[in-house]
Structure formats: structure tokens, C-alpha cells
Number of protein chains: 4
Amino acid sequence: MRNLPRIIYRFKEYLLMSGIRVGIAGVTGYGGQELLRLAARHPGLEVTAAMASSAREGERALPALTGLWAGDVEPLSAADLARSTDAVFLALPEAASAELVPELAARGTRVFDLSGAFRLRSAAARARWYPRTPDLDLPVLYGLTERCRTALAGARVVTCPGCYPTAALLALQPLADAGAIAGDVVIDAKSGISGAGKTPSEKTHFSERHGSVAAYGVLAHRHSAEIEQELDREVTFVPHLVPLDRGILATIYARVRPGTGEDEVAGLLEQAYGDAPLVRLRHAALPDIKQVAYTNFCDIGWKLDAGSGRLVLVSCLDNLGKGAAGQAIQNLNVAFGLEEQAGLL
Amino acid sequence: MRNLPRIIYRFKEYLLMSGIRVGIAGVTGYGGQELLRLAARHPGLEVTAAMASSAREGERALPALTGLWAGDVEPLSAADLARSTDAVFLALPEAASAELVPELAARGTRVFDLSGAFRLRSAAARARWYPRTPDLDLPVLYGLTERCRTALAGARVVTCPGCYPTAALLALQPLADAGAIAGDVVIDAKSGISGAGKTPSEKTHFSERHGSVAAYGVLAHRHSAEIEQELDREVTFVPHLVPLDRGILATIYARVRPGTGEDEVAGLLEQAYGDAPLVRLRHAALPDIKQVAYTNFCDIGWKLDAGSGRLVLVSCLDNLGKGAAGQAIQNLNVAFGLEEQAGLL
Amino acid sequence: MRNLPRIIYRFKEYLLMSGIRVGIAGVTGYGGQELLRLAARHPGLEVTAAMASSAREGERALPALTGLWAGDVEPLSAADLARSTDAVFLALPEAASAELVPELAARGTRVFDLSGAFRLRSAAARARWYPRTPDLDLPVLYGLTERCRTALAGARVVTCPGCYPTAALLALQPLADAGAIAGDVVIDAKSGISGAGKTPSEKTHFSERHGSVAAYGVLAHRHSAEIEQELDREVTFVPHLVPLDRGILATIYARVRPGTGEDEVAGLLEQAYGDAPLVRLRHAALPDIKQVAYTNFCDIGWKLDAGSGRLVLVSCLDNLGKGAAGQAIQNLNVAFGLEEQAGLL
Amino acid sequence: MRNLPRIIYRFKEYLLMSGIRVGIAGVTGYGGQELLRLAARHPGLEVTAAMASSAREGERALPALTGLWAGDVEPLSAADLARSTDAVFLALPEAASAELVPELAARGTRVFDLSGAFRLRSAAARARWYPRTPDLDLPVLYGLTERCRTALAGARVVTCPGCYPTAALLALQPLADAGAIAGDVVIDAKSGISGAGKTPSEKTHFSERHGSVAAYGVLAHRHSAEIEQELDREVTFVPHLVPLDRGILATIYARVRPGTGEDEVAGLLEQAYGDAPLVRLRHAALPDIKQVAYTNFCDIGWKLDAGSGRLVLVSCLDNLGKGAAGQAIQNLNVAFGLEEQAGLL
């Protein structure tokens, strides 16, 4: 019996060759590298294509992945992606996704798109925030995993939620759906700098951000539209950059419907996430980015002032994990019938 | 003419010996060291007493101040403080201030207290947040400099505002006083770790805070009481620790009274701070902690969504500068008829 | 075929129940928590005991591990440890290890000790640096995995190397063994703060370390003795604290024996680590802590000035990974015949 | 008498109009902004020209300096610089300095150049590291202030030392000059990221540097040539980037000449810096970047192992202060007969 673990290692190698074949487009960015890292060690996946963000960019080495993944980075090609894979993750700029998603869908590949290109359903909102996005014949599933498990099985195109909306919606939606939220909703989010991507700029220059906190996109961030679409109500959303690499913490201010008590708030969240392997309810022990960085967890805590009905929810996650690459894999896991948390712990 | 600068240096030394004699109690903490650093290079002050936070703690070296200040740190003594100074800064724990302020006031020393002991006027609020504070016979001035310049001249006891209230009130008060604010007010503040003081704890342990953001004191922070007292309205205030050393940024959410436009908001703030040398109005160019760290400035910016009336104010400052030591010196400057920004640029 | 991954998950659960039973003592510290995190997701291990660092400390919650590990933290007990496990990791203070190792060894449990208590073989050196350590009847294996794979199979007590020695020795030893190193050896190491442990102190206070670099233990650090023992030559070793959480980078200065060229240096290192799954040779592309943090890799790069024979080696690793918990598990993997990198990628 | 401080403020304003007229070229970079910040509050200087780094770049706002300096940033013009100033600071790329210094010198303006263009005296070394630099008819003074006070009075062109050489030379030179240093000298330097300038790049991207330490320019950094020129001996110099904004710490490894004791080492350094207002000798209390950041101090500490003669010197400073802008002003102070530390405390 004690020798079984040795057997399983060899067995695993055999199985890996028979895993679900996945392709990743955009592996040189932060989201793409995280996808590759997670997929390479995932026991049920086989990475059969890793492509740069364009054909022009050509091949690139990924030194951080030495010893974890031994393949080559190829130039972007929709035909090659479709041919060699069962499912594809797109970690590309919106414009590239806008072009590639229809093409891959037409070829029958299941697509998990990490860009925002297909997140907004309203044509007007899309024209404002994602003008390059075409209309799709196929239905697109908004892939907040905990909300769409059943639908994932049949989904051909899954648009993975933004990092800020994932944090905000996981905390708010169970309460909003039950009608427990009243009055204005304010979402004040603090994000690590990796959320701004890998392209150097003054905004992401080390000396500008070290020792710095600043708001940006105030009253004009496209994630507002995404949150409002899913919640079906107006919110005030302000993101901030804070001097750390990975992680988002959203502090959410609302009032509960008069008469709503602590038990009801806790009950609604427990009902929503009692079985969720990747959401951790912290109750009054408010969460900390530190405990979710480099994980796929979303931690949620809250305080209710019963007298005034003021509710403060705190929700946090790793913007590259549950906020991007991790949630994309979580969606694939559910879509293909694997364990939801496979490769994510 | 070109030789005049050389003359002024010698002249300065002469003048320094005739400057206002100040004492600082609590020089080993972060606030106290900042006071000493600022006072030592202030052209109008002479530091005649630098004391530890208690008699027991005795003498201590301050290596960071080598070359800037050459005196000795003495054990705390009210009698010695009163005898050798015209004015005293107290950077002590509340309990120590609660005891020392009456004693110094009785001896005729002008006191600038940086603790919270005397900030709350309501006996009920004081009993909850500062139970050690006695009643004082003397009037206590709440020393938000930009709001109390005239009163400072005659003040004997000045209680310097907390770091969070300073940031929040400077942005909100001109608007609230004019009746321009409607509805709920949410103040989401992000603070560097030096605000938690110099005593090591798990909360301030480097490895716990690096890469971390966390809310604390949610719906139960005594600075709420201070802000509400000065604004004379309820607010929801939530502070957060962010991984940097010095600085606070407060993001303030409110609605303006219907009909209030961008011009009126800007006009009220310009009227309040047009002449203020240490408040910088940034309008739509939102401020950044980086630009106020190691300064005595409070920078304020804002965005108004005219249609909905949603207003977001962003206010930031250095918690050890304008939020503590710097504002205390600014108060003394005004109180003694020096230039408001003397020693603070 | 495509259904096999689903099969393996269930199979894995069955196997886990039959995995190697391990105990971890000291799970509330940083090293202990990392051990628990790694062991909990290791496909060949079953954590059957997780104990605090003493019987007095009693039970403790480990919120960061919610969802990853569902057991209880028990008070420390040698008898319980020995009874319920095949192997034990000790992440305890030296004094506790000094007492516990002999007791566990006597009960037949295989021990992997992460403390320094048993690292030094010379009685004189031990008396200076680890005065509490008793003499052991059993042989103790110095567990730098890449150097002791064969010996690990039969080892009963493995003393895991310090974080600094691991980084320094992996780079230096293949060259020193071949006689390629001449003259003085200087090791300048930069460490993240987690290496200083979890107990708050002024030295590890956030505001003291943020924006700070400082040397410590200069010419008087016990890791010098450890490095010198293994290299069998004198070195000058100076560690520094740098403002990050996890990671060590050691810059090593030496001269090569006259006539030694780039090819020989590279050849010796490739010979040593050609098959090593957890050492990555970077050659002239010098390594960066960023690429090894949160991994079990040791990355090594170098530059040789052929004319002068000056050699600079740069070696880096995660002090909690390959420098502590990860290497301990790597040792266990080899000792029990599992894949060396099992659970570590 | 107590009114004198008020008098001096008005008097100061009068004197400022008669201060030394200085120009700063390159005010939009980090070094240039620091120069402007320091010069603006310097009691003996009047900033009469603040120029961008080229004529093309045109005018730029400097929001961080609002309230500290009220002038305009002009496009670069040698003629305007020469006309309106008594002395000029150049914080420009080497190529620009290489062109501008001769032109300004010809017009009789005293020049303090912060670039490396004129630091190397050997034509061969200059051809390698600064190929754009022409030969100058005028003598150029290497401006390590503590070493060249007398020569500064008559200097027309002062080349300000690099940040790394300043830290290394201040610690080493008094010992090397006395013949107290034997054997190899290794200089391992750790620098904050602001030393890499303001231009965004992958190397200075926040997410690449946060949590990172990496060596660069190994055995091939032009500051090696500068240090070797001044010391007149070979050194091994390796710089590293560490995740902080401002500050350099150099750890220097050498052996002392046999027989040299602790007293002699201390004596040589005290003799060199006994009167220096901006060098602080810390002896065995090793310095920390934290204590010199945002100051103009260079702190130096050391440990000597008397038996083996191994000496470790630790020297640190703010790379934008004593390592750049501060030292340039210190040089001007001495050159024009002001107090050496004027405007620098």
C-alpha cells in the first residue's frame, strides 16, 4: 500500500497525455503566464498550444516557467489554436479577443475569454466601453463561476468577469438578489499594480507607485458598467492603485432593507457559498489581501450596524488568480466536469 | 550684496537663541521624532526640552537625528517642561496627555496636544473613547489650523486633530458648512503603517503588512466620533492599512444638494483655501499620497457627476506631517504670530 | 479516454488515505504554515498531526489555510507525534528541537528538523552557536538534497540546511569541490523579512523595514559556521534585510584557480545539476528573487572575468520554500522514494 | 526680542532676491526635481532658470512642487541659462551634458554637472563609457565635497560623483590613502529604483521590482571605472536593485594591512570626517538606508575582525540627496562660500 504513491506518479504522466487539451493565447502577459503556470501543473489538463499575443510578436522565452513548463511559445494563429485544442483561454487585449472569439467559436473550439470584449450585453454600453466588439450569433455566458455552474456545461463562449466585478459581485449579489440592499451602493476598491498589466508606463513605474495610493478612473471605469449590469442597479465604483503586486480588496458600503439583521445577511451568504470550495466566508473577521494572494480564493467578511442598517462588506481576491486566470480555469473545470477546484489549491 | 547670505547665517544663529522656546514630550515615538526634526530646523524655534514618554523610560539616543539636533533626551517631567519653555508639544499616549495637559495649563505653558484625549467635547463620547480624560476648566481649541486661525492667537490649550479627521474635514467641511452635501457620507481611508505607532505588534509586523490591505476598526473607530462632531452629521468611516510607511488618502463619497454644479463645489473650496499656504486644490487631477509624503501639504481633488449629483472627494496628507507633527507646528506658528508655513516647506 | 481525469480524482482521494503519514510541529510559525500548505496538497502525503510549538501554546486557528486544510492544531506532544506518523517535520525553536529530536528518534520516527540545532558537527562550533544541543547517538544527515540523495534513503534524522547556506552552497560547492575556487570568498546575502520569523520586534516592524536596507550579524552569524563546515574553507558572510517578504539572493565573490575558463565553470555546475529538477542554471542571465518566490527552485547565474579570474555567482531561492519547508519536503520525497519534486511545483 | 523671528522672515525675502542666481537644467527628471525642491527653499539661492531636458520637450508642469516653487519650466537654452544665472546645475543625460558643459563654461557660468560625462579623466576609459564626451580646455574638478573643499572655491566646472562612487569612496578613501587596505576590495551595492531614472521600462516596472532583488551590470558598470580612478586600485563592484524608492547601501569587503587595529581604522575615518557636517560615523552601529533617505547625510559604519584582518564597511546615502542633487548643492555652497550644509538639513 505504501508504494501506491509511486505508482500514481507514473500513472499521472500517462493520464496527462490524455487530459483535456488546452491552448493559451497571450502567454507573455501576467494573466497568460499565470494561466500557463496553473494549467501546466493541473492534473486534468494538457497544454497543447501556448501563443504570444500576436503573430508579429513571435516566439518568446518565459524564464519564470523554466522547470514548470517545457513547451515553446508560438506566434498567434487561430487555425493552429482550433486544430490542437479542446478549449482555449484568451488572455489578449480586447481588440484581439473581439476578432478571435468569433473565429474560434465558428471552428467549434470552446472559448474562455479573459478580456472585457464580450462582457457587456447592452449594445449601448458596449459601444461606449468596447467599441471593437462585434455582435455574436452565439450566446455568451458571463462566467462568474459561483453563479453559473449549471450553464457552464453547455457554454461555448464564456466571458470571464473582470477582477473588480468578481470581488464586488461575489459579496453583493446574494444580498441584492434577495432584496436585502437599500439605498446607495459605494464600492471602493484597492488593487495591486499587476492589474495594470505588463506594459511599462509612468503609471506603473516603480518610483511613482512605491509609497503611493491614488484613485483612478473615478466615476468613469468600465467595470462600473459590468457591475451594474450584473446587479441591475446603479453603484458608485472607484478603484485605487496600492503599492503591492497581486491582490484586490473591495470595501462595499450599503444599507440593508429596514429590519434586516445580522442573521439574515449571514444566512444569505452562507446559502450562496456553503458548498463553494473557493469562496471563504470570514464573517466579522474581515479578510486581508495577504490571505488570498497567490490563491484562487475570494474571502468575504462584513459588519452590520443593526441600528442604522449600515452594512460594510469586504471582499478580496488575487487579481491574477480568482480575478483572472484562476477563475478561467475554474470555469473550464466546471464546464468539462472536473472538480471545481482542480489545479487551483 | 552677494555677501549677504553669509551674513544671514550668522544672524540666524543669533536669532535662534532668541526664538520661541519649545518643549517636546514623547520624542522617541514617530510623531515626537518628526516634531523634533521639524522644530530643530525651524528658524523661529529653539528646542529647550526633549523628553521621553515617561519618567521611567529615561534617556534614549535618537540616532536618526544625529547631525540635526544635538540635545539630550530627558525623562518626562511636567515641572521641567513648564519651567524651560514657552510652548509644549505633547506626543504622548492619551492617558499621559490626560494627566499632563491640566498640569501644564495650570503652570501657564501653552500646550499643543497631539493625542486624542481632549478632542471630543461631548462628555458621553469622551467617556466611550477617552475614558481617562478629565474635565478641563480651560477652553480647548480644536486645532484644524485652516479653520481656527483667529482663535489660535489666544488659545492656551490646542488639541490637534487626528490624522484621518484632518484629511476628511479639510475636504468636507467647506461643502458641509454651505449646505452643499446631501445624503449619506462615506469616508474610505487608506493609511500607511506609521500611523499605528512604533510599538511592534502582529498588526504592524512587516511580513503581515507587506503585500496586504485590510480594513480595521470598521464602524467602531474613535475618529468617526471626531469627524461627526466637527461636521455635525453622521458619516460612515472605514480606515484601512496599506503597505507604505507615511501617508493617508481618504476617498469621500457623497451626493451634492440637487442643482449644485461643479462651479459651486470648486468655488466653495477655493474660497476656503485660496489663501491657505498648506492646502493644495488639485481639482480633477486627483491627488496622490506620493506628492504629500514628507511634506505638510493636504492635497484635495474631486469629481462630480452632475447628472446624478454623486461627488467623490479625494484628500491626502502625510499622517506624521499635516496629520500630526506638522499641523501642531503650523498651529504654533499661527498662535505665536509667525508665518503659517514657517519651518514646514 | 477523456474521462480518465475524472477517474484519477477519485483514485487520488483513495490514495491519499494511504499516503505517507506526516506530522508537523510548529505550524503557527511561517515555516510551519508553509509546510502544512505544501503537505496538505501533496499527492503522496497525509497530514496526521499538526502541532503548535509547545504544549502551553495550545490550539490555534490558521485562517490562511481555510479551504486548504481542515484539521485541528494540537498542543505539542512527542508521544502523539511518534504514534500517529511515519515522519515528522520540526519547525520549532532550536531549544525545542534539541529536546525533541532525540526523543522522536528513539521512538523510531523519521525526523526532518528545520532548526539549526543539529547542523554543526564540531562540538566547539555547536557550543558557541547552539549550546542547547545534546550529542546524538544516531548519525545526523545534513540535508542539502542535491548533495545527499543517496544517503537520504537510510537517514533517520535529517537536519535541513539554513536558508542562507542553501543558497550559498548550491552555487559554491560544485566549484569548491573541484578545486576551482581560489582566494577569499565573500557572500553578500539579501533576505526578505519573513526569514526573521513571526515574532514582532522593532527589527521586523513595518515602518522600520519599509524603505530600508541594513546589514546584520556582520562577521558573527551562525550561518557562517554552517557554510564553512560544508565548504571546508573560510568565508566572509554578511546577511542583509531588504524590504520584501519572501526570498533570498546571495551574491558570491571569489576568484577561480588561474586558467579556469567559462566552460569549466559552466561544466561543473551543469554536471552537478543537470538532472536536478529544482535547481535552474541561468548562466549569464542572472537570477531574480521574483522568479523563485513562492517556488521551490534555486536559481543560479554567474559572470566570470576571464582575464582577472574574478567570479561573481548569484544564487536565489524562497527562504520559506527551498530555504526551509520546501527543502524539507524534498528531502522526505527522496527519503521515501517519491519523485523528488512531488508536491513542489 | 521675541518679535525678531517675524522680522527675519521679511528680511529673508529681501535677501532671497539678492541670493546666488542658479539655473537648473533637466528639472523634470528625479534628480532635477530634487534640485529644484532643495534650491527653492535654500536661504542663499534664487532659482532664476528651470529648464526641461531639451528645447523640444518644452514646458512641463511640476505638480509635486506646487506651493514650494512658483516658476515656469522653460525649454532648454544654453544662452538663456548663461545670461540669467551665476551657476548652473545640469541634471541631463550624458550626451546633453557633453554638449552643454563646454558651451556654458565658455560663457563664464560656473557649472555643476550631475551626469557622468566628465567624471573620467582617462581618455581610454572615457571612450569606453562616455564616448560622446569631448576634451575640455578647462580643468574639471571631481566634486566629492569632503575631498575637495579647498579646490571648490576656484572651480569653474565641477563634475558631481555618481551615487555609487559617493557611497563607496567616502568609506574607502581615507583608509586607502593611508595604505590601510590590503588585498581584494569587493563593493556590493544595493540601490532603490529611483536611481534608474524616470523613464518607464520593464526593469523599472512596479510588478517586476516589487518583491524582487537582482544584480545588474555585473563586472561591467561604468561606476567601477569611476571608483577605480579615485581609489587608484582595482575593485569588484556589483550593484543591485532592491524594492524601495530612495537610497543606496554599499557593503564593502576588504582586508586591512596586517597589524591594523580597530583604533587605527576609527582614527582614520574620524580624522577625515571629524568636521564634516554631512558624514555621520556610526562605528559598530551599522547604518540603515532608512536613516539617510530624504537627507543629505552619508552614514558609515564598520566591523573589523582583528584576527583575520577582514574589514566590512557599510556606507549609505540617499541616491537623490547626497548621491546627486544634495551633493551638487553642497558643492555650490562650498564653492560660493556659504555654509556647507546650507539648505541641506
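Author: Happy to. Let's begin with pairing: two strands pair if DSSP finds at least two bridges between them. Helices (H or I, at least four residues) and strands (E, at least two) are DSSP runs, numbered from the N terminus. Here, strand 7 (residues 181-191) of chain C and strand 9 (residues 236-241) of chain C run parallel, joined by six bridges. Across from C:Ser191 you'll find C:Leu241 in strand 9 of chain C.

Reader: Before we go on, what are we looking at, and how is it numbered?

Author: This is a predicted model, where local features need pLDDT of at least 70 and side-chain atom pairs count only at pLDDT 80 or more, while totals for chains, interfaces and linings use all residues. Residues are numbered from 1 along each chain as its sequence is written, and chains are lettered from A and ligands numbered from 1 in the order in which they are written.

Reader: What pLDDT does chain A average?

Author: pLDDT is the predictor's confidence in each residue, from 0 to 100. Chain A averages 92, and 93% of its residues score at least 70. Over residues 1-17 of chain A, though, the pLDDT is below 50, and this stretch has 20 contacts in the model beyond near neighbours in sequence. Where pLDDT is low, the predicted coordinates should not be read in detail. For the model, ipTM is 0.94 and pTM is 0.95.

Reader: Back to chain C: in what order do the strands of the sheet lie?

Author: Strands of a sheet pair through backbone hydrogen bonds, either parallel or antiparallel. In chain C, seven strands make an open sheet with mixed pairing, in the order 8-9-7-10-13-12-11. Strand 8 (214-215) and strand 11 (279-283) of chain C are at the edges with a single partner strand each, so each has one side without a neighbour in the sheet.

Reader: And strand 12 of chain D, is that mostly covered or open?

Author: A residue is buried if 20 or more other C-beta atoms lie within 10 Å of its own, exposed if 12 or fewer, and partly exposed in between, with C-beta atoms placed from the backbone. Strand 12 (residues 298-305) of chain D is mostly covered, with six of its eight residues buried. Strand 12 of chain D pairs in the parallel sense with strand 11 (residues 279-283) of chain D over four bridges, and D:Ile300 stands opposite D:Leu281. With strand 13 (residues 310-317) of chain D, strand 12 of chain D runs antiparallel, over seven bridges. One of the bridge pairs is D:Lys303 with D:Val312. These two strands form a hairpin with four residues between them, and D:Gly309 in the turn has a positive phi of about 75 degrees.

Terms used:
Contact = placed C-beta atoms within 7 Å.
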